[in-house]
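Please open the structure in your viewer and keep the selection tool at hand.

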Amino acid sequence: MYKPLAIAALLSVTAQAWAQPVPERVAALDYAALDILDNLAQRERIAGVAQATLPDYLSDYADDAFTDVGTLKVADMPALESLSPDAILISGRLEAERENLEALAPVYAVATEGEDAWDQLEHRVDDLAALFDAQQAGEQALADLRQALDQQLAEINGTPKVLVVVHNDGKLIVQHNAVVHDLMGLASPELPENVESVTRGERTFTPLTPAQIAATQPDLVWVVDRSAAIGQTPLDVEALTQAVGDDLAIAVGSPRLWYLAGQGLDSTRLQVEEVVAALAP
């Protein structure tokens, strides 16, 4: 049964941004926003892109026609200044640089807060569609996505349990994943009693050993490989399989898609498709 994501979104803008006409030259340092604008047929307005870590499905933007304006976390200020954009699209990864970026152009940041992530996606699409005067395209894109997701979810047999872990430098951390557990409505298995969480600063992590993963007995272990996404050593799937046992299914999502490019239209569809394919008998 279709279940919406458990996060919501707002599009935050600078006060000066609302007074601006439809942006003609956009610098996209957020892949969800780039994904959505591409679906809204706004490609001709994209002038700059964070090219270093583009996921495969956005690889058309790794082209000299688009100025490379840095990364999702570090903007190339000289490149942006030379580009003279009418708008800069960022995610929370660049929020600390907002003031510097606002000196160049109005900044639009997609926030991820709230309780309902399908609403998050709807709000993000609606707000970007309004900004670019593409409301009809936005409504159609959302309707098409809902239909595609419903078709994919109907292919899942039974009520499988999926354990999602994030791989980071050899460590495996439990994740409650918005796409897997909320949007797709897939349950996560109960963790063993000997699992302990670790708090560092304001963040709490729950690491798992291979033995603990095996003890959960999920129908699928789904891996979000952060290390691979940022160019570090990827998970050794063969070694993990040997450690947990051959009878446990393990699948790794496309690293950049899952770690760097979620919460867009195409990215949401692709993520669901990957999980459904991994669950297929």
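Which strands does H11 lie across? H11 lies across strand S7 (162–168), S11 and S12, and runs at about 145 degrees to S11. The model is a predicted one, in which local features need pLDDT of at least 70 and side-chain atom pairs count only at pLDDT 80 or more, while totals for chains, interfaces and linings use all residues. Residues are numbered from 1 along each chain as its sequence is written, and side-chain values use heavy atoms, with hydrogens and water left out.

**The sheet**

Select S8, S7, S11 and S12, which in this order form an open sheet of four strands with mixed pairing. Helices (H or I, at least four residues) and strands (E, at least two) are DSSP runs, numbered from the N terminus. Two strands pair if DSSP finds at least two bridges between them. The edge strands are S8 (171–174) and S12 (250–252), each pairing on one side only. From one strand to the next, the twist averages 30 degrees.

Next, select S11 (residues 220–225) together with S12: these strands run parallel and are joined by three bridges. Valine 223 stands opposite valine 252 in S12.

**Two partners of H11**

Select H5 (residues 135–153) and H11 (residues 265–279), which pack at an angle of about 5 degrees with their axes 10 Å apart. H5 and H11 are therefore roughly parallel to each other; angles under 35 degrees count as roughly parallel, over 145 as roughly antiparallel, 65 to 115 as roughly perpendicular and the rest as oblique. Contact means heavy atoms within 4.5 Å. Residues of H5 including Leu145 and Leu149 meet residues of H11, among them Val272 and Val276. The residues of this contact of H5 with H11 divide into nine nonpolar, two polar and two charged. Here Ala, Val, Leu, Ile, Met, Phe, Trp, Tyr, Cys and Pro count as nonpolar, Asp, Glu, Lys and Arg as charged, and the others, Gly among them, as polar.

Finally, select H1 (residues 31–39) with H11: these helices pack at an angle of about 105 degrees, with their axes 6 Å apart. H1 and H11 are therefore roughly perpendicular to each other. Asp35, Ile36 and Asn39 in H1 meet Leu265, Asp266 and Ser267 in H11.

Notes:
Axes fitted to C-alpha atoms, helices over the stretch in contact; angles between N-to-C directions.
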